[in-house]
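Some labels deserve a check before you rely on them. Here each one is set against its cut-off.

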Amino acid sequence: MRSRDTLYTVLIVEDKESMAAMLANVFEAEGFGVRTAASVQDGLARLSAERISVVVTDLKLGDGDGMTLVSEIRQSFPFIPVVVMTAYGSIERAVAAIKQGAYDFIAKPFDPDHLVVLVKRALSEKGVQKENLVLKGELTNRVQLPDAVGRSAVWQEVLGKVRKVAPLKTTVLLLGESGTGKELVARSIHRLSPRAEEAFVAVNCAAIPKDLIENELFGHEKGAFTGAAEMKPGRFELADRGTIFLDEIGDMELPLQAKLLRVLQESEVERVGGTRTIKVDLRIVAASNKDLEREVGAGRFREDLFYRLNVFPVLIPPLRERRDDIIPLACSFAAYFSGEMRKETPSLSPEVERMLLGHEWKGNVRELRNIMERAVILCDGPQLLPEHLSFTVAGKESASCGGAAPELTLHEIAQRAVHDAERSRIEQALRQTQGNKSRAAELLKVSYKTLLTKIKEYRIS
């Protein structure tokens with residue numbers, strides 16, 4: 001298991017410096033990446049900022065109780081196993097930690113080799129647990145929750161807004177490029193709201209033909225038109241007491257916008273061909289990849305409807321602005337599709353990680369999801385490799401699948417991908433540090449000399 005361990009990072013949360021150093025040496029000797037934290041808050045910060053595979057924590061910490069850490073990990077990082085360390089006289093608290101979601105506990109004093117075995121067992125069983133979630137029909141909900149996989153600062157800002165607005169009935173307008181996960185956010189708002197047990201109804205206004213969308217939204221009475229053999233309730237009625245998600249609302253025609261405005265103002269609908277007013281209790285979440293203010297200026301979108309929808313706008317960032325989330329998202333998708341296909345969940349090779357981080361992601365999260373699905377289909381081993389990826393760049397297949405340069409060997413293709421990914425990451429680090437090379441080197445976890453060599457090699461100004 002040594003070669004696979006190099007892909008795992010253990011977070012040790014221990015406020016005794018000597019103990020933390022000893023455990024770090026033990027895990028590093030076993031091939032693990034190691035991060036340390038001395039407090040609950042420091043541990044949570046590490047989890048949000050870095051890719052952690054497993055957590056080992058003491059239950060007694062200087063700034064609080066390790067039980068708090070266990071609970072937070074259970075809620076926000078459900079696929080990260082936690083092993084707790086506790087004094088011999090506090091076994092009952094360790095048992096309580098397991099009930100809170102910890103994988104197992106170990107009583108002090110302990111044999112460090114025993115702890116390593118426990119951690120390896122927790123990691124090996126993680127794939128089985130994910131498969132069980134798929135069989136129970138729960139994994140889709142888990143991987144679609146943004147706080148399960150989004151750790152970047154911009155994504156955490158989105159989640160903060162979601163948590164604030166979710167308990168309210170306030171209308172939410174989600175803005176952002178196609179494929180950024182607007183429906184995912186809408187579903188999260190619904191799940192975190194008092195309406196979570198009621199219906200969530202999603203309508204893509206751009207996907208339904210213009211002459212049918214009114215019927216879909218409002219329904220119709222029997223005999224309302226030729227072929228209307230029976231009454232049909234619309235989506236607004238189906239979403240009563242729940243949430244309706246109106247995606248691509250910028251594509252809705254003006255006459256239908258007027259009817260939607262009445263729904264927002266009066267909380268009532270009328271079926272096509274009907275005269276009876278039907279009261280509905282709805283939470284409306286709308287989304288658009290268009291600039292609605294510009295659409296208002298061009299006369300294609302009603303100004304009064306825009307202000308009704310724009311009560312609580314949330315901008316969903318494109319994937320290129322949340323690169324810290326690319327690898328966690330890719331791992332989540334790999335786990336999900338592996339579960340669907342009854343395969344062992346493959347890990348991501350370092351080359352694949354570099355390629356994913358260096359890609360443009362014009363299709364955002366949707367593109368990443370599709371690429372990972374294809375990769376899992378092609379992968380028959382324990383690890384995803386560059387040849388399992390298939391990127392599209394400027395209408396051509398990228399080097400990862402050989403379309404753009406069929407004369408290159410796999411090694412040359414991988415080298416080119418590494419070059420592009422390294423250059424992109426170095427430029428990003430220099431932007432983050434405003435050109436401070438020393439801080440950039442710390443961020444990239446390389447020596448200052450290595451960074452200078454890379455900057456010169458890639459001619460980065």
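Predicted model: local features only at pLDDT ≥ 70, side-chain atom pairs only at ≥ 80, totals over all residues.

Q: Why does Glu353 count as buried?
A: Its relative accessibility is 19%. Buried means under 20% relative accessible area, exposed over 50%, and partly exposed in between (1.4 Å probe, protein chains only). Glu353 therefore counts as buried.

Q: Where does Glu353 lie, and which residues does Glu353 contact?
A: Glu353 lies in helix 17 (residues 350-358). Helices (H or I, at least four residues) and strands (E, at least two) are DSSP runs, numbered from the N terminus. Leaving aside neighbours within four places in sequence, Glu353 is in contact with Arg51, Ile327 and Leu348. Contact means heavy atoms within 4.5 Å.

Q: What makes strand 12 mostly covered?
A: Five of the five residues in strand 12 (residues 243-247) are buried. Thr243, Phe245 and Asp247 are on one side, with Ile244 and Leu246 on the other.

Q: How do you know that strand 12 pairs with strand 9 and with strand 15?
A: Two strands pair if DSSP finds at least two bridges between them. Strand 9 (residues 200-204) and strand 12 have five bridges, in the parallel sense. Strand 12 and strand 15 (residues 283-288) have four, also parallel. Asn204 stands opposite Asp247, and Thr243 has Arg283 as its bridge partner.

Q: What makes a set of residues a nonpolar core?
A: Its members are buried Ala, Val, Leu, Ile, Met, Phe, Trp, Tyr and Cys residues joined through side-chain atoms within 4.5 Å. The largest nonpolar core has 30 residues, and Leu217, Phe236, Leu246, Ile249 and Leu260 touch the most other members. Helix 13 gives the most to this core, with five residues. Apart from this core lies another, of 25 residues, including Leu329 and Trp361.

Q: Why are strand 2 and strand 7 called edge strands?
A: The open sheet has five strands in the order 2-1-3-6-7, with parallel pairing. Strand 2 (33-37) and strand 7 (104-108) each pair on one side only.

Q: What packs on this sheet?
A: Helix 3 (residues 40-49) does, touching strand 1, strand 2 and strand 3 (54-58).

Technical notes. Residues numbered from 1 in each chain as written. Heavy atoms only, no water. Axes fitted to C-alpha atoms, helices over the stretch in contact; angles between N-to-C directions.
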